[in-house]
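Trainee: Please take a close look at a single part of this model and tell me, in one connected answer, how it is held by its surroundings and what the wider setting looks like.

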Amino acid sequence: MHQFLQLVNEQKYEILQALLQHITISLISLVLAVVIAIPLAIILRDRPVLGEGGLQIAGIIQTIPSLALLGLLIPLVGIGTLPAVITLTLYAIMPIYQNTYTGLKNVDPTLKEAAQAFGLSKTKQLQRLEFPLALPLILSGIRIALVMIIGTATLAAFIGAGGLGDYIMLGIQQNNNSYLLIGGILSAALAFSCSWLLKYLSQSKKRAWGALILLAILGVSFGGYKVYEIFQPKPVKVVIAGKLGSEPEILINMYKELIEHDDPKAQVTLKPNFGGTTFLFKALQKEQIDIYPEFTGTVLEAILKRTQKTPSDPQKTYQLAKTGLAQQYNMTYLKPMAYQNGYDLAVTKQFSQKYHVTKLSELARVNSSVHAGFDPDFSNQEDGYLGLKQVYGLDFGKVSVMEPALRYQAIANGKVNLVDGYTTDPQIKQYDLVVLEDDQNFFPPYQGAPLLNESFARKNPQIVKSLNKLAGKITTKEMQAMNYEVSVKHRKAREVAHEYLVKHKLLD
Amino acid sequence: MIKYQNVGMTYGKNVVLENIDLEIKTGELFVLVGPSGSGKTTLLRMLNQLTLPTAGDIYYEGKKIKTYDKQKLRLQMGYVPQVSSLFPNLNIEENITIQLEQLRVPKAKRKARAKELLASVDLEPEKFAKRMPDELSGGQQQRVAIIRALATDPKLILMDESFSALDPVLRRQSQDLILELHQRLQTTIVFVTHDMQEAMRLGDRIAILHEGQVQQIGTPTQIIEAPANDFVREFFAPARPRFWNLATVCNKAQVLTYDPTAAKVADFDQLLAQLTQQTTLIFNYQEQTYQLSQTQLLEFFQEQGGST
């Protein structure tokens, strides 16, 4: 609890920003859905075939899982806010359309006929009879849509739209309940309070008009600001994204500070926890982002999809990655940093001392005493446990497969005595573990380096120069320590990054 | 004012109306009566083009009705539908002046008109103008529905089974109100009902419809005295026995506290026989004591139309 409150206090601005982002995405989607669904229902109310057809189509859209819909939209409109807004709008249309249509259809036919017999025009009938009578149902449709949008918007984080989903995703990624709580509680509270607010506003005409006018003013001033922005001279704008977790976030904060230090006019936007490898790479290809840090091993395996074994020499791996990226994708892969973030096997200090094991080659001796906790992927991959068995002659006494996030807890609690992991994992420091040396170079090298499009690199040589200051810097131990500061001690990535740059005089 | 000429209506093979020739004169309260399915409502709906005839023509003020603009035509007419059909989302004033609103009459004028109309049916404007329909009793709602049809000062008012859903007391009050308004304003009214007693009570002239054809047109007296055919005779048969029905006469009599010693009277003949001997009679009928005078009996006959 204490930890949770501390986290909230430290990150209040970030949380507030995520909340605002969440509200903005939700509101834009809601307004769009209202603008589409209500007139559509009005037009189709006297055309039952089309009207019922509309209900069916809206119903079908509803059954597509939101994550799938988000994914489907990526090739069409890319990533970020736009596909999120489109998806949420599509979802919200259904309840609003359904309720508007039903509401209009349910108006007492004798009243409708009376209105007709009085000689009221279609518009007048709608304005004075049908719409007011359908309004309560329409409003409840809007309320349902709003609650649904706010809930579904948490998924938008998966395609880089930001919002409270960022915290949920981070929480799952780092097995950090505090983050999960922040994302979960805030989105639930937001849905609840918006639903209540809408109910409150819809209870009287005055309140409803007040709210509408306020919304209009906000909309107009937002639009005005955007127009003003367009006519301002544009400084260099750089968007830097990072994968999930603390390490990429620390790195991109360093990139930002280095770039801004050398060019104070540059506007650098960071998108931490932006997504997985494929997602970020696609975003870079589409120039939706400009730079992101990528690992050499990952480039060969996941991006270039080489079938040969990744060479064990880090230098060779980097060269292969660099030329491959340049040839196939016209991308520039800058020089890597020093640290290796590859697979490793780690044991407790007691285990290492008791059995005198510090290298992987020494492990076969004590095969039967080992109780390993492995990530499901690692346990049955050729470049994981299967390969290790052959190269080092391993055959552990007992292997338990568990969720990545749970492995370290298991070893800390004494449930297992060996785990797989990554060399820069902060838990190594947190639980005082010993990483066994890969003395036969079995694990492929994973070195981080900034990846950018060649066109961008050519246009911005200054930025390339700034980024290259990190080449060959940051050791595995240093990275481990920084990850520990951020994900265990919950310090801000920006501060940790800044301290490193100052300490190593990279800002001079 | 209105002339139906050889009007027919068929839905597919189903003949709803056939060879209708009718004339409705200006200022008349004209009743279309007939059992359900006789086509009377269809005939009314042709006047405001809610239904278009498949044969023949209808003339309104000398011009074929189909040459009028639908909306303009309807705005010239008042309309009182079955059940009051007030718009539940509009207040009384807005309900009354809805046609004026469509005609773009300025708001101040509309308010004044609503006030005037409310006052004319004994609803205090200050109290009722801003109320919502569901805050009014059934009788008050009915009155509002009627004055709503008067808002534009129409030359013609259409009433479609307007009182059919009301309880007997309210129905009678509404009929009285219509008779009074008609007398005062001399507006032409076409009134559709399936209730022959209502027809007799309201109609200056009545047209009896049956199976899509007009059976007879005439004043209530003409219809009772000289029914054109068996259908008309049958249809209006209940109107006759009413005069000889003791329960109906008792409505006119004064109710007294039950007196077991009073003379028992079993039917209308016995009552008449006794009343010829004494000017005021106290009698028991169905465990109830009544007092009836010769004068009251004569008044009763007069009210019932005095024509048999």
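Mentor: Strand β3 (residues 29–33) of chain B runs parallel to β8(B), and five bridges join the two; strands pair if DSSP finds at least two bridges between them, and the strands themselves are DSSP runs (E, at least two residues), just as helices are runs of H or I with at least four residues, both numbered from the N terminus. This is a predicted model, in which local features need pLDDT of at least 70 and side-chain atom pairs count only at pLDDT 80 or more, while totals for chains, interfaces and linings use all residues. Residues are numbered from 1 along each chain as its sequence is written, and chains are lettered from A and ligands numbered from 1 in the order in which they are written.

Because six of the six residues of β8(B) (188–193) are buried, the strand is largely enclosed by the rest of the structure.

As for the chain around this strand, chain B has 14 helices and 14 strands, and buried residues make up 35% of its 308 residues. Of the contacts in chain B between residues at least 6 apart in sequence, 65% join residues at least 24 apart, a contact being two residues whose C-beta atoms, placed from the backbone, lie within 7 Å.

Chain B also touches chain A, where 14 residues of chain A are in contact with 15 residues of chain B. On the chain A side, α6 (109–117) and α7 each supply at least two residues, and by class that side has eight nonpolar, four polar and two charged residues (Ala, Val, Leu, Ile, Met, Phe, Trp, Tyr, Cys and Pro count as nonpolar, Asp, Glu, Lys and Arg as charged, and the others, Gly among them, as polar).

How values were computed. Buried ≥ 20, exposed ≤ 12 C-beta atoms within 10 Å, placed from the backbone.
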